[in-house]
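Please consult the sequence and the three-dimensional structure shown below. The paragraphs that follow lead through selected parts of the fold.

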Amino acid sequence: MDIEIAVVGAGIGGLAAAGFLSRAGFRVTVYEQARGFERVGAGIQMSPNAMRVLRALGLEDRLRAAAFTPPTWSHRAADTGDLLGDLVLGADAEERFGAPYLVLHRGDLHQALQSAVPPDVVRFRHRLAGIEPAGSSRLRLRFDGGTAAEADAVIGADGVHSRVRELLLGPERPRFTGRVAHRTTFPSSLVRGFTVTTNTKWWGADRHIVIYPVTANAGELYYVTSVPDPAWDTESWSARCDPVEVVEAMAGFHPEVRAVVAAAPEAHKWALFERDPLERWGEGAVVLLGDACHPMTPYMAQGAATSLEDAAVLVRAMAGHADPATAFAAYEATRLDRTARVQLTSRTNTWGRAGGDTSWLYGYDALTVPLAPPGR
């Protein structure tokens, strides 16, 4: 197809969109402000709704080989370890939803997605400065340093601090929740006395921690917390903290939790902000995707999953509409209600604690869901 698309941002959603669009015959270039890809120390959960998308990109076998398959997502009381609820995963979830539930290192997922994008598609060190008309329905993207590029359409997949969203909708002031998250990955051999064999969320009175392996052989562990800290509002995944801070935050937790956090040699910390669902994601031939339009708290492990869903629906809309603006309107209309529901449900931080029906979330299929008419 003789349509040139610029994707701003080479994260999970941006790479997935680029992979799908390239396969569909579109000319795609991804512009990323970073100097290159880095293996950030973080785990990620790929639920069946996400794995169906990754399967369509030809990545399922690779990810199964790298990832850990948890039998459950267990929810336990922080102090006693008493079981509060279980989301049954493993073979049962795969049979029910037609795709596995995997937990893995975020870097392994990102690397797999890179392999789904043709070589030389990604342009690093391109920080977007502006978007403007370029005549004949084309758009010009301006970057810091004076470079520029043109495209027929622009997809803003540039994350929670999206420059594309700011250009479209104006500056946004998110609400700080008064909470921070700590996270890290490290060798499981550093933990003495027991082995982590599933995905567990430990619930305290005003804080929690999620712990799970991120490799197929459980050789590497990940934890992520949510802890009150109203004085620290830095929204950055790269900020480091003293791991002793995490040990102190988990002081009243079960001995297994304390052993895990005490074994970690380093940790990162970022503030958690709330953002309300947007009423619109685009204008003309410019549209948002993933965290750029529906950033959410991490309490349901659906941020990356919904970005992957976006990518699959977007390419289906573009395949069905010759005009990018019409395709983007259909994509937006199809995705708005779904992402708002996930975004607002995650905000409550109750997912999985008492079990419950997961089919509305994990049973969603972005590859077959009916597309809404443009401008619904």
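In this predicted model, strand β11 (residues 153-156) is joined to strand β19 (residues 286-288) by 3 bridges, and the two strands run parallel. Within this pair, Gly-156 of β11 is found opposite Leu-288 of β19. In general, the strands of a sheet pair through backbone hydrogen bonds, in either a parallel or an antiparallel manner.

The pair belongs to an open sheet of 6 strands, arranged in the order β7-β2-β1-β11-β19-β18 with mixed pairing.

Helix α9 (residues 303-320) packs against helix α10 (residues 324-348) at an angle of about 150°, and their axes are 8 Å apart. Angles over 145 degrees count as roughly antiparallel, and α9 and α10 are therefore roughly antiparallel to each other. The crossing of α9 past α10 is right-handed. On the α9 side, the contact is made by Thr-306, Glu-309, Asp-310, Val-313, Leu-314, Ala-317 and Met-318. The residues contributed by α10 include Pro-324, Phe-328, Tyr-331, Arg-335, Arg-338 and Val-342. Sorted by class, the contact of α9 with α10 comprises 10 nonpolar, 3 polar and 4 charged residues.

Most residues other than glycine have a negative phi. Ser-136, although not a glycine, has a positive phi of about 55°. This residue lies in the loop between β8 (128-135) and β9 (138-143). Is Ser-136 buried or exposed? Ser-136 has a relative accessible area of 72%; the cut-off for exposed is over 50%, and Ser-136 is therefore exposed.

Ala-301 likewise is a residue other than glycine with a positive phi, in this case near 60°. The relative accessibility of Ala-301 is 16%. Because buried means under 20%, Ala-301 counts as buried.

Notes:
Residues numbered from 1 in each chain as written. Predicted model: local features only at pLDDT ≥ 70, side-chain atom pairs only at ≥ 80, totals over all residues. Heavy atoms only, no water. Axes fitted to C-alpha atoms, helices over the stretch in contact; angles between N-to-C directions. Helix = DSSP H or I, 4+ residues; strand = E, 2+ residues; numbered from the N terminus. Parallel < 35°, antiparallel > 145°, perpendicular 65-115°, else oblique. Left-handed = near helix turned anticlockwise from the far one by under 90°. Contact = heavy atoms within 4.5 Å. Nonpolar A, V, L, I, M, F, W, Y, C, P; charged D, E, K, R; others polar. Pairing = 2+ DSSP bridges. Buried < 20%, exposed > 50% of the residue type's maximum accessible area, 1.4 Å probe, protein only.
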